[in-house]
Amino acid sequence: MARSGSAGAQARRPPDRPGPDPDAPARRPAVPLTVAPEPGGPARGGVETEPAASGPSLTVAAVARRLGVAPATLRTWDRRYGLGPSEHLAGAHRRYSATDVSRLLVMRRLTLEGVAPAEAARAALSADPASDAVAGAGPRGPSVSQVVDAYTDAVPMAADPPALVAAAGHFDNAAVRWMLSRVHPRDPVAWWTDLVDPALRTLVGRVTLEGPGEHAAPALTAAAFAELRSRAAASAARTPALDDRATVLALSAGRGTELLVHVVATALQERGVRVRVLSSSSPRAAVEALSRLRPDAVLVQVGPDEADRPAAVEAVRSVVEADEDVPVFVHGDGVQGLDLPVAATVHRIRTLTGTLHELLATVT
């Protein structure tokens, strides 16, 4: 009987339109995303231009950077929920189409709002990638800025440091990321001053009994770094040919200032200035970075501890000796008391807002 039914089904099926294999995984149609390559090289963030027939696509690493998640998270979403790349080129790994990225934006947005991953995945898979509800997609798919900025249409919320402290203390990552993304979404300096810095100061000064692996302050710092990565990816997409703009070399000379340096870097990038943050304050590393980047200005962030200040002075001195023409801006508590080199290019700045304004006035 089973063979008869199968034969009957085949007889009823038109010969030139074979039916789908019920055991084959469903494939989603790819919507082309038009991305213009930058002058002098391939497109940024892993985007490669393909012929107009197929359209460009993105690698796992590129999508992870643009969404502010780990590549392992994308692979998990692919394995568990089917939110994976749908395009495949001969001899290459599968790549994400614009449709795939639009669905991932829905997934990311819902999970940050506290929706269970399985529910968020169902909503993402059922979303219409051609609808304006999915990352502002238009008739030909979303633009680069729409794909990157998952919170372009988010309603801003007022800064509430106690609420952020409470969410961080309960290790509620969804609530933490929700607040971090909606407070001053286009102003990283105000975001730091009004929300993140007060919350971190509270957590660092609070005495608690925590379980293994539970430390609220580092957890909040990690979430803040993730949010800055998302904002930087969005601003990079909104700013064409960012690599052709002025460059600032920023370095942190002191413990506890790494996040603040990245805040300034993100704020500068929001205004079209390319920034590279050096992970070391050693004189040798500073000189090598100076020689490699040839920046238009250098920012040295001084740490709050007295013991960190000699490192800042040495970093400034090495930069001045290597290039006496590059402007050097030194920011931090007690900067007026530092024994810095006497040079017209060395500037002491006491406020974060002043640092941003002075750098912008110099390089733009």
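Which residue's charged end sits over the ring of Trp178? That is Arg182, 3.5 Å from the ring centre; the rule asks for NZ of Lys or CZ of Arg within 6 Å of the ring centre and within 35 degrees of the ring normal.

Some ground rules. This is a predicted model, where local features need pLDDT of at least 70, side-chain atom pairs count only at pLDDT 80 or more, and totals for chains, interfaces and linings use all residues. Residues are numbered from 1 along each chain as its sequence is written, and side-chain values use heavy atoms, with hydrogens and water left out.

Now the helices, which are DSSP runs of H or I with at least four residues, numbered from the N terminus. The axes of α8 (residues 173-182) and α10 (residues 216-238) come within 10 Å and cross at roughly 45 degrees. Axes here are lines fitted to C-alpha atoms over the stretch in contact, with angles from 0 to 180 degrees between N-to-C directions. The contact, meaning heavy atoms within 4.5 Å, involves Asn173, Val176, Arg177, Leu180 and Ser181 in α8, and on α10 Leu220, Ala223, Ala224, Ala226, Glu227, Ser230 and Arg231.

Next, α2 (residues 60-67): the axes of α2 and α10 come within 7 Å and cross at roughly 105 degrees. α2 is therefore roughly perpendicular to α10, a label for 65 to 115 degrees. From α2, Arg65, Arg66 and Leu67 meet Arg229, Ser230, Ala233 and Ala237 of α10.

Last item: aromatic pairs, with ring centres of Phe, Tyr and Trp (its six-membered ring) within 6.5 Å. The count is zero.

Terms used: Helix = DSSP H or I, 4+ residues; strand = E, 2+ residues; numbered from the N terminus. Phe/Tyr/Trp six-rings, centres within 6.5 Å; stacked < 30°, edge-to-face > 60°. Parallel < 35°, antiparallel > 145°, perpendicular 65-115°, else oblique.
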